[in-house]
Amino acid sequence: MASGSGPASPRGPVPISAAGAASGLAGRLDDALSEVTSSVVLPEWRVRARKELTRERVVQEVEPDTIEAARVESLHGLMRQRARLHAQHLRQVAVFFREDPEVQGLLKDADLTALKIATGLRCSYLQATSQVHDAYRAVEWMPLTFEYLRRGDLPEAWHRSLLRRVRRLSEEQVRQVDARIAEVELPSISLATFDKQVSVAVALATAGTLPAPPSSSRDVEVVGVDPEVGTASLLVTGPILEITGLAHRLDLAARTVQKTQRAMLEDGTEGPIPFDLDESLRENGRAASLRALRYAILTHSILDIDPVQETRTPFKLLVTVPVTTLLGMDDSPAMLEGMTPIPAELARDLAGKETTWQRILTDPITGAHLPVDATTYQPSAQMRLQLRLRHPVCAAPGCTRSTVLAAEDDHIIEYDHDHPARGGPTSLWNLHRLCWQHHQLKTAGLIDPDRDPRDDPAREDRTTPAGPLETTWKIGPLRARTREHTDLLTPETVKTLDQAWTLHQRTRRVQQALANQDRTRPSPDTRRVIPPGATPEYPDPPY
């Protein structure tokens with residue numbers, strides 16, 4: 001690749017064209033954005049492509065003037081259109097964020113803007129937050145590469161990759177990367193060249209700065225959830241010395257337990273063998289493997305958090321098993337925390353080991369959990385159980401944070417501690433679960449949920465809606481609506497039970513009909529009647 005100066009294409013501003021006709025406020029926004037012309041002046045190219053990306057180069061791999069050539073050109077045109085539409089999307093998000101009155105362009109408050117746009121974007125709250133940050137960086141901090149994207153000269157996928165590479169950089173470093181990449185002939189270079197130039201630009205922008213300490217990468221998360229097999233993985237990330245030290249301690253503990261298991265098996269010692277999860281070591285006649293023991297020790301050991309006092313409330317995992325699965329009528333999966341399917345065999349195995357059962361009633365059509373009530377501020381145990389089933393994730397629009405631990409039961413209409421009759425009731429109609437962040441936003445009055453009083457079973461006719469409860473959210477000038485989670489397996493369970501009942505009734509009718517026929521049919525005379533007449537003469541034996 002040779003270096004040179006001077007672009008091969010004009011640098012004048014190019015207006016953004018509207019994608020189509022629009023109406024209302026959204027249409028006026030699109031029209032306003034379509035009239036925006038760029039005042040960005042792009043620098044001269046320092047790094048040039050070997051060849052300019054002309055029409056001939058686009059179709060060079062197919063026969064010219066054929067249907068294939070036309071299709072390749074069409075795909076290239078669609079790629080450019082996608083880049084322009086993506087630029088328009090980023091600009092709209094950035095403008096919304098910059099002019100949001102509750103945020104005022106502060107990145108630390110971008111989550112509030114994300115809450116407002118998550119429903120419109122049909123994505124989760126965390127995904128919307130990421131889009132706000134990316135849009136702000138692209139439009140405000142990286143105007144040069146954004147101009148290439150707006151013109152369609154920078155593919156959308158390339159721009160997304162560029163944004164991922166600069167997410168952890170400071171504003172000054174991001175601007176340096178933007179300036180260096182803008183000096184590359186982006187309309188014509190290859191993907192390999194683009195990736196190399198981005199790597200060089202990031203390295204030069206961060207040269208001389210201290211790298212992020214390994215301690216900042218400490219994290220533990222559940223990954224690789226496989227509902228078909230019923231397994232998941234725990235990913236522990238951290239500094240090399242800490243992770244290798246943990247692995248060494250875990251290995252040493254596993255070897256010590258394995259030695260004890262072997263001694264008990266050889267000596268015939270009575271009593272439970274430590275960390276024999278399946279209680280099969282005596283039958284197999286050998287100790288568990290080190291792999292199995294590392295897992296057993298990691299998952300069945302008491303965590304020492306001294307001097308912090310351990311919580312008195314035991315941690316519970318909610319596994320909902322359809323009755324048809326327990327009866328062996330079908331193999332419908334169970335649901336872990338209402339979100340993750342568990343294979344039927346694993347569900348039956350878990351259920352067989354439990355001595356205490358809790359019945360959960362659901363609407364046979366919609367799968368909505370039927371309500372229970374309480375008369376105090378604190379929800380009852382059955383209500384907390386149902387709240388976890390109804391809200392496995394935060395009830396705020398678009399939020400995907402789990403409510404297993406870090407969540408709070410919240411009264412939609414505030415509870416009046418001095419005069420309980422005047423405030424909101426402690427009922428499932430007036431309760432939901434929020435993560436701590438959105439609970440704070442609600443307390444601060446930045447988000448305001450509301451429910452239809454006609455859905456309250458405490459009203460005069462004492463009826464409840466057949467479907468899940470809906471909540472209307474006021475987020476600044478915007479409105480959003482959410483719905484409680486339902487049991488997705490209820491319709492299938494009802495269908496199986498209905499088929500079993502229909503078969504039972506049909507069989508019973510057939511048996512009843514046969515019984516009626518037997519009662520009305522005359523009994524056959526089994527006696528032998530010998531007609532009158534002469535006795536036949538038999539010859540002498542042997543006949």
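Arg 98 and Glu 140 form a salt bridge, with their closest N and O atoms 2.5 Å apart. A salt bridge here is a side-chain nitrogen of Lys or Arg within 4 Å of a carboxyl oxygen of Asp or Glu. Arg 98 sits in helix H3 and Glu 140 in helix H5, so this pair ties together parts that are 42 residues apart in sequence. Helices (H or I, at least four residues) and strands (E, at least two) are DSSP runs, numbered from the N terminus.

A quick word on what you're looking at: this is a predicted model, where local features need pLDDT of at least 70 and side-chain atom pairs count only at pLDDT 80 or more, while totals for chains, interfaces and linings use all residues. Residues are numbered from 1 along each chain as its sequence is written, and side-chain values use heavy atoms, with hydrogens and water left out.

**Salt bridges**

Searching the whole structure turns up 26 salt bridges. One of them joins the side chains of Arg 46 and Glu 183. That pair links distant parts of the chain, 137 residues apart: Arg 46 is in the loop between helix H1 (24-34) and helix H2 (55-58), and Glu 183 is in the loop between helix H8 (171-181) and H9. Another, between Glu 171 and Arg 175, stays inside helix H8, where the two residues are 4 apart, about one turn of the helix.

| Salt bridge | N to O distance |
|---|---|
| Arg 46 and Glu 183 | 2.9 Å |
| Arg 98 and Glu 140 | 2.5 Å |
| Glu 171 and Arg 175 | 3.1 Å |

As for accessibility, buried means under 20% relative accessible area, exposed over 50%, and partly exposed in between (1.4 Å probe, protein chains only). Arg 46 is partly exposed at 29%, and Glu 183 is partly exposed at 26%. Arg 98 is partly exposed with 37%, and Glu 140 is partly exposed with 25%.

**Aromatic pairs**

The structure holds 3 aromatic pairs. Rings of Phe, Tyr and Trp (its six-membered ring) pair if their centres lie within 6.5 Å; planes under 30 degrees apart count as stacked, over 60 as edge-to-face and the rest as tilted. Phe 97 and Tyr 136 have ring centres 5.4 Å apart and planes at 85°, so they are edge-to-face. Phe 97 belongs to helix H3 (residues 67-98) and Tyr 136 to helix H5 (residues 125-141), 39 residues apart. Both Phe 97 and Tyr 136 are buried, and together with Trp 141 they form one aromatic cluster.

Trp 158 and Phe 194 are a stacked pair, because their ring centres are 4.9 Å apart and their planes at 25°. Trp 158 lies in helix H7 (residues 156-165) and Phe 194 in helix H9 (residues 191-205), so the pair connects parts 36 residues apart in sequence. Trp 158 is buried at 14% relative accessible area, and Phe 194 is buried at 2%.

**The sheet**

An open sheet of 3 strands runs in the order E3-E4-E5, with antiparallel pairing. Two strands pair if DSSP finds at least two bridges between them. Strands E3 (319-320) and E5 (340-342) stand at the edges with a single partner strand each, so one side of each has no neighbour in the sheet. E3 is joined to the antiparallel strand E4 (residues 334-336) by 2 bridges, and Val 319 stands opposite Leu 336 in E4.
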